[in-house]
Amino acid sequence: DDLPPPSLPRMQLLLLHVVLALQGGTLQGGTSSHSAMRATAACIAAPPEAAGAAPTAASAARLSAGRYSAYEQLRGPYDRAALQRFFALRPLEFGGRLVEFTRAAIAIRDSWRRESDDTQARGVRLREQLAVLGPVAVKLGQTLSQRPDILDEEICEELKPLQTTNKPFDDAEAMRLLSEELEWRGPIAPGVCAPECAEPDGAPLFASISASPIASASLGQVYKATLHDGSEVAVKVQRPSAMRQVATDFAVLTTVLYGIQSTGWGNGDLVEITDIVAAGVFEEMDYRNEAVNAQRFERSLDFLGYVSVPAAVPSLPPTPRVLVTEWVAGRHLSDLSREEGTRMTNMAVDAVTASLVLTGFVHADPHE
């Protein structure tokens, strides 16, 4: 399981193109690395869309569900060997994603080399490329936005929108997922039905739900809804493409890093480190884990007297792709007064320190 399977010659060839492109090298016979990348991209171009009229919301949601359904077999604990076997049968999928990573890396590198680009412009380009690449890259950007010791502070500021502002996916698809995950046959809310709703005249799931997401993150987006008892709740729905993107990205990353590591570069086990990160992300893909961990986190810091988390709604138990919690009103740190910000910062430092030193159960994503 420690080696890429021998049935991946196309993946290894693509990896060669990537390494040459990033290093500015050439292929045998004098072909430039950029030409090689263009040729590779042409060979693994995505299949054309089916001809015909523009799809309705219902048909688009149905097509989306079918497109991503094969990847659901990968949901669960991370298994690198299983990923390798899965993508060994899908070299075009693997290769296409590899080309996307490479193009983004080249665009970022070129921006860094251009003297005309100032620090802010480089940060904007980095944010744009990470956003296009999807969940795994966005999570990397979120982490880097909090690390001015690694990147210039101006670049970190440009990356901070990745924490709260990501392109949302289609609302009709979100409603379809809600209906499917919560096994609800009627409307989601009065006047709001999932595509191909089984019982459009039935009782609605919520008294109301926002027409669009309140926030959109790397793995999902959140709607604000009201229960029939008047309680406000947050409805978190996972992106339909999340499992596909996460699985593909880690298959690409482990293969690329294996190739880099096999050259002797680096002083650690890059693949093992990636495996550890991947295991955490795969766990995060199941919102049931998030609900359990949130309650455990609150209990672990109960002695501080001021740490709380949004509680999951008992009548709507979490599923792998949907989490409904109580709605908690709040403000961003940048919107607080100096005194409020100082008080909140002190409390946060105490809570983080207690987690690290006393409880051993830590919040792994404590950005603003």
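How many bridges join E4 to strand E5 (residues 322–326)? Five bridges join these strands, which run antiparallel; strands pair if DSSP finds at least two bridges between them. Helices (H or I, at least four residues) and strands (E, at least two) are DSSP runs, numbered from the N terminus.

This is a predicted model, in which local features need pLDDT of at least 70 and side-chain atom pairs count only at pLDDT 80 or more, while totals for chains, interfaces and linings use all residues. Residues are numbered from 1 along each chain as its sequence is written, and side-chain values use heavy atoms, with hydrogens and water left out.

**The strands**

Select residues 232–238, strand E4. Five of its seven residues are buried, so E4 is largely enclosed by the rest of the structure. Buried means under 20% relative accessible area, exposed over 50%, and partly exposed in between (1.4 Å probe, protein chains only). On the E5 side, Val 237 has Val 322 as its bridge partner.

Proceed to residues 242–262, helix H10, whose 21 residues reach 30 Å from the first C-alpha to the last. Of these 21 residues, 15 are buried. Just after H10, Gly 264 takes a positive phi of about 95 degrees.

Now select Leu 83, Phe 87, Leu 159, Val 246, Phe 250 and Phe 282: of the 36 residues in the largest nonpolar core, these touch the most other members. H10 gives the most to this core, with eight residues. A nonpolar core is a set of buried Ala, Val, Leu, Ile, Met, Phe, Trp, Tyr and Cys residues joined through side-chain atoms within 4.5 Å.

**Salt bridges**

The structure holds 18 salt bridges, each a side-chain nitrogen of Lys or Arg within 4 Å of a carboxyl oxygen of Asp or Glu. Display Arg 321 and Glu 180, whose closest N and O atoms are 2.7 Å apart. This pair links distant parts of the chain, 141 residues apart: Arg 321 is in the loop between helix H12 (287–300) and E5, and Glu 180 is in helix H9 (residues 171–181). Arg 321 counts as buried at 9% relative accessibility, whereas Glu 180 is partly exposed at 41%.

Notes. The expected span of a helix is 1.5 Å times one less than its number of residues.
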